[in-house]
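Please have the structure open as you read this note. The points below cover a few helices and their contacts.

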Amino acid sequence: MRSTARGEGRRLAARHRNIELGLLALAVAVCLAGHVEADLALTGSLPPGLLVHGLSLGALAGAAHLAVRRFAPYADPLILPLGVFLTGFGLVLLDRLDISYKAAHSAKGDYQKLPAAPSQLMWVFISVAVAIALIVLVKHHRFFQRYVYLLMAGALILLAAPVASPSDSFGAKRWIRLFGLSFEPDEFVKVAITIFFAGYLMASRDALALAGRKIWGLTLPRGRHAGPVLAIWVVSLLVLIFERDLGTSLIFFGVFIVMLYVATERTSWVVLGLLMAVGGAAVVGTVEPHVHGRVEAWLHPLDYYKPVHDKAISEQPAEALFSLGTGHLTGTGLGSGRPWLIGFAGRSDFIFTTIGEELGLAGVTAILLVYVLLIQRGLRTAVGLTDPFGKLLATGLSAALALQIFVVVGGVSGLVPLTGKALPFLAAGGSSLLANWLMIALLIKLSDSSGRTALEPAQPSPEPLPAHAAPAAAAPTAPDRTSPDRTSPDRTSPDRTPASPTPTPATPNPAAPNPGAPTHAAPNPAAAGPTDPRSGTPGGADPSAARTELRPRYGHTPAAPQYGDARNPTT
């Protein structure tokens, strides 16, 4: 029966891959329709190179699908289409904004007239190619478990590297520039740190789960076990102080607290983490000018229009609120708004305002639901995995994605202070896109392991014993304790009842004169052997051994003798 169950699992996995292929085609079609609508609204003509763009995006999605079908056949069928849709929709928004920025800034001659969509398209190809390489080369997600400390060391080096940068980028030190190229290391750090947290917490969760003193009804951890949390808290504060990067600090510390709670199931860690995060952010926001300016702009966004205001407050928070308010319920239409008025960050930090203005509340809700669905598939993968490392890794990746979306959308809408992070998959930026596609590839490998566990049989199922294979002699013999198939009809076990002397139907015996006639299995005390006076079990068998008995199949009731006609030649 194992081959039958495995075949059914493979058919279900192939059906999932077909669903994935259909969703990929739908995602590409929706993105192409967005390109057509935006260009018709802006220029009155179809976008140039639409066919080439559509074929390129479709070929890229098809290559990723083939890699998943071959090397991760049991993966979740929604993760890849959701990533392709968000990436393609980001290209739609950037192409639409390039047209407006070029028209608005061509006379000024500044850098904002330069297009961002071609560079982003190049990074799309690089990111998807790297994701495909990870899916093909990494056989199992536990491969990363061997290198958790090496990844942690590399992550700390990357995290500290921007401190040595001689200049800031719009008030924060988040970039590394080498040989004319620049990248944002914190995007890759969140992936490496999540892998390290998964490996560390898997090994230390028992010690971290130990309870300490109880204060005000809250059970706090022991002092020596709170050291890792304090260390992570200090590192996040150092990033906030020296790099003035509020978003990275929140994501870095938040992911650790979420994974710590999942590993230990103690609410005290969450409460302690929130208190430490709020306290540290309050202190740094008071003493660090750049962070203080972001907090002031969050609390008083319209103060920018006063004759006298804090110089650290920019016009972008207020412009973002105006842009979102203009969209109302259904928006002005893709290509019919004025999102470029927000300034230089309209294609990066504030690209969410373009969705709010031109697609309205309906479009904002739809995009957020796509993000929520992607996060839900990651958490569902964590639930389906059986190994602790995989569970923690899937949870951490989903939490990192959720926290980044929260801090970006919350900063643009005025819910939290601005952090300067890029909205995953949509905003311009090669570092962010590459890191997010690495997360997609990891989730695909994790979901493949989860699906394989759910669809493949764990062990072979027993087959009924053929009648002609049973011994013909009815001499009393002791039960075979070494055989894994203890199917004596008179055995007593927790899931069996003793055989009744009432005649019960039995399977036909091909050796009988009339195989088609109904036969009855009579009780045969001689075949069952003597009764054990200690337990009343026939044949003197140990009742505890019956617990390892493989259950019969093909609809036989446990109380009925399975092979009585074969063991008793009189039937």
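1. Helices are DSSP runs (H or I, at least four residues), numbered from the N terminus.

2. This is a predicted model: local features need pLDDT of at least 70, side-chain atom pairs count only at pLDDT 80 or more, and totals for chains, interfaces and linings use all residues. Residues are numbered from 1 along each chain as its sequence is written, and side-chain values use heavy atoms, leaving out hydrogens and water.

3. Of the 26 residues in α13, 20 are buried (under 20% relative accessible area, 1.4 Å probe, protein chains only). Q404 sits in this helix. Q404 is buried, at 0% relative accessible area. Its contacts (heavy atoms within 4.5 Å) include E187, K190, I251 and K421, not counting residues up to four places away in sequence. Just after α13, G414 has a positive phi of about 90°.

4. How do α2 and α3 cross? The axes of α2 (residues 50–71) and α3 (residues 79–105) come within 11 Å and cross at roughly 160°. Axes are lines fitted to C-alpha atoms over the stretch in contact, and angles run from 0 to 180 degrees between N-to-C directions. So α2 is roughly antiparallel to α3 (over 145 degrees).

5. In α2, H53, L57, A61, A64, H65 and V68 meet L80, V84, G88 and L91 of α3. By class, this contact has seven nonpolar, three polar and no charged residues. Nonpolar means Ala, Val, Leu, Ile, Met, Phe, Trp, Tyr, Cys and Pro; charged means Asp, Glu, Lys and Arg; the others, Gly among them, are polar.

How values were computed
Buried < 20%, exposed > 50% of the residue type's maximum accessible area, 1.4 Å probe, protein only. Helix = DSSP H or I, 4+ residues; strand = E, 2+ residues; numbered from the N terminus. Parallel < 35°, antiparallel > 145°, perpendicular 65-115°, else oblique.
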